[in-house]
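Subject: Structure for your review

Dear colleague,

Please find the structure below, together with its sequence.

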Amino acid sequence: MSVLLRRVLPFACLGAFAFAFAQPVDAQEPWKADWDKTVAAAKKEGKVVLYMRRYDGVLKDFSKAYPDIKPTVVTGEGAVIGSRILTERRADKYLVDFYVGGPYTATSTLQPAGALDPIPPQLVLPEVTDGTKWVGGAIRYTDPEQKYNLAFLASPGTNQLAYNMTLVADGEVHAYRDFLNPKWKGKIVSMDPTQRFIAGTLQFMYYHPDLGPDYIRALYQDMDVTIARNSRQMTDWLAAGKFALCIGCLAVEKAKQQGLPLQVLDTAVFDEGGAYLAGSGTISLINKPANPNAAKVFLNWLLSREGQIAVQKMTDSGIHFNSGRVDIPKDDVDPQNRLIPGKTYFDQNSPDWADMTPVDAVTKEVTANKSVQ
């Protein structure tokens with residue numbers, strides 16, 4: 001081997017080694033160039049427009065992370081927002097990027113109207129797309145196509161069941177079917193089942209394989225349940241001992257902290273199991289978004305570790321809800337909203353449970369001849 005070859009070969013090998021070493025790193029991070037390009041374009045757009053039920057408090061944290069992208073927010077109830085979006089589209093106005101709220105508006109109003117774009121192509125950050133970071137091992141969607149309405153909250157549903165501790169012994173009610181015990185006839189108060197406030201409770205009862213529509217009929221028709229529409233009044237009645245059990249009482253934990261003999265029923269340990277659900281914690285990307293790059297940045301930030309920590313810090317009626325991310329601290333989440341390892345939970349936002357039409361039919365049936373307090 002010539003002296004020249006001996007001198008060149010080591011350097012050639014070193015260069016080849018460096019090239020080979022660099023390739024996997026570049027191959028592992030194809031998202032980075034896309035992300036940097038998106039952020040730069042988003043800053044030029046300068047804003048992201050959100051129509052939302054709540055979570056406007058989270059936007060302060062987003063503004064700290066991306067001060068060049070201004071959040072513009074319109075708040076309101078889901079039905080009102082859904083109607084507004086469709087009205088704007090009929091006028092050929094495409095002003096909004098996201099709907100944030102409960103899944104019903106997205107799946108029953110916006111999606112059938114063709115007003116939504118698929119979310120998966122917009123997810124860029126590896127920490128967001130990594131299914132191991134989310135409850136159930138994957139990002140959850142509430143629509144059958146699994147791409148239009150993303151659920152980022154996963155709070156266990158007590159199904160708003162509570163009891164008076166002086167009338168019901170600890171552990172005495174440990175199943176939904178215990179509500180059918182003749183002992184409790186005339187001692188149960190329920191929020192009007194036709195109201196959306198407890199739609200999730202009736203949804204769980206209807207679709208659960210061990211309960212179903214016959215259970216709902218037996219509960220509301222045979223147990224002389226009192227129907228009401230003022231949840232706080234119901235909580236007062238429960239505390240006073242007028243009723244032993246409640247379906248839909250509000251602020252029970254707060255009342256308990258004030259010394260009242262109330263307790264939430266932990267349905268996760270019920271014989272039938274519990275559920276987790278998104279509540280108003282879902283997001284949908286509106287078709288033809290006004291600010292596509294800023295929308296992409298916001299979506300990834302919201303689902304990031306930082307964004308979901310901000311979501312958990314925010315309160316609604318003084319309550320902190322649980323993010324679907326499992327890799328973040330849960331210190332800010334109220335105890336009743338934390339998922340407990342080892343317990344059985346159904347995903348109440350599963351598309352298999354999404355159709356509320358038969359649920360609504362049964363609730364109207366069982367309340368047809370009942371007066372409302």
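The protein chain contains 13 helices and 17 strands. Please note that this is a predicted model.

Overall dimensions and burial

The C-alpha trace of the protein chain spans about 100 × 55 × 35 Å along its principal axes. The chain has 373 residues, of which 48% count as buried. When contacts between residues at least 6 apart in sequence are considered, 74% of them join residues at least 24 apart.

A pair of helices

Helix H11 covers residues 292–303 and helix H12 covers residues 305–313; the two pack with their axes 4 Å apart, at an angle of about 65°. Roughly perpendicular begins at 65 degrees, and H11 and H12 are therefore roughly perpendicular to each other. On the H11 side, the residues that meet H12 are Trp301, Leu302 and Leu303. Their counterparts in H12 are Arg305, Glu306, Gly307, Gln308, Ala310 and Val311.

Alanine 40

Alanine 40 belongs to helix H2, which runs over residues 30–45. With a relative accessible area of 42%, alanine 40 is partly exposed, because that class lies between the 20% and 50% limits. Alanine 40 and glutamine 263 are 223 residues apart along the chain, and their C-alpha atoms are separated by 51 Å.

Yours sincerely

Conventions
Residues numbered from 1 in each chain as written. Predicted model: local features only at pLDDT ≥ 70, side-chain atom pairs only at ≥ 80, totals over all residues. Heavy atoms only, no water. Buried < 20%, exposed > 50% of the residue type's maximum accessible area, 1.4 Å probe, protein only. Contact = heavy atoms within 4.5 Å. Axes fitted to C-alpha atoms, helices over the stretch in contact; angles between N-to-C directions. Parallel < 35°, antiparallel > 145°, perpendicular 65-115°, else oblique.
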